[in-house]
Amino acid sequence: MECPIYKQAAEIAIDYCAGTLESGKRSEFERHLESCTECSRVVNTQREVWETLDRWTPPEVSRDFDALLYASIARHNAAPVWVRWLRRIFQPPVPIAAWKPAVSLAAACAVLAAGLLVRAPHPSGASQQMRADHIDIEQVQSALDDIDVLMPPASSSGAM
């Protein structure tokens, strides 16, 4: 059977282990822990985390840390602009992740260029011009007559 408060057990266990749980909820949660193995496991895991954090001591920062940090920033800012841009390009913060979009874009451009080269029309067949020896004068005259029939006559007064 699943614990009815299991979904909130992590939050309650954190508050319980930190000692910030209200006294009424604390005693109710302690009674619940006696019967629920899942919640007991969560509380034990949280206690291990809290104990580990209590034992951990951060490394000491050297006394000249601030001076070294500001000196490094000053050296970086003193470099010429082109050097800073080259650093951004060739030394990105996350080298692999920064190049992934560029590789994808280059591959897409290569596929597009290959597709255009394959589907491009050939210059010899694209510009066929009509030559005078192939023109049928009667066909041209018939087309001009058809256009005259379809076009309304222009009125000389300018109003319709």
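**Entry 1: the model.** I am working from a predicted model. I kept to residue numbers counted from 1 along each chain.

**Entry 2: salt bridges.** I looked up how many salt bridges there are. The count comes to 2.

**Entry 3: Glu30 and Arg26.** I took Glu30 and found it in a salt bridge with Arg26. Their closest N and O atoms are 3.7 Å apart, and the pair counts because the cut-off is within 4 Å. Both residues sit in helix α2, which covers residues 23-35. They are 4 residues apart, about one turn of the helix. Glu30 is partly exposed, with a relative accessible area of 34%. Arg26 is partly exposed as well, at 29%.

**Entry 4: Glu38 and Arg41.** Which residue does Glu38 pair with in a salt bridge? I found Arg41, with the closest N and O atoms 3.1 Å apart. Helix α3 (residues 37-55) holds both of them. Here the spacing is 3 residues, again about one turn of the helix. Glu38 has a relative accessible area of 36%, so I noted it as partly exposed. For Arg41 the value is 44%, also partly exposed.

**Entry 5: nonpolar patch.** I turned to the surface next. Ile135, Ile137, Val140, Leu144, Ile147 and Met151 form a nonpolar patch there. Together they have about 570 Å² of accessible area. Ile147 lies in helix α8, residues 137-150. Its relative accessible area is 48%, which means partly exposed. The patch cut-off is over 30%, so Ile147 passes on that count.

Definitions and conventions
This is a predicted model: local features need pLDDT of at least 70, side-chain atom pairs count only at pLDDT 80 or more; totals for chains, interfaces and linings use all residues. Side-chain values use heavy atoms; hydrogens and water are left out. A salt bridge is a side-chain nitrogen of Lys or Arg within 4 Å of a carboxyl oxygen of Asp or Glu. Helices (H or I, at least four residues) and strands (E, at least two) are DSSP runs, numbered from the N terminus. Buried means under 20% relative accessible area, exposed over 50%, partly exposed in between (1.4 Å probe, protein chains only). Patches are made of residues with over 30% relative accessible area and no salt bridge: like charges are joined within 9 Å, nonpolar side chains (Val, Leu, Ile, Met, Phe, Trp, Tyr) within 5 Å. Accessible areas come from the Shrake-Rupley method with a 1.4 Å probe; for residues, only the protein chains shown count as cover.
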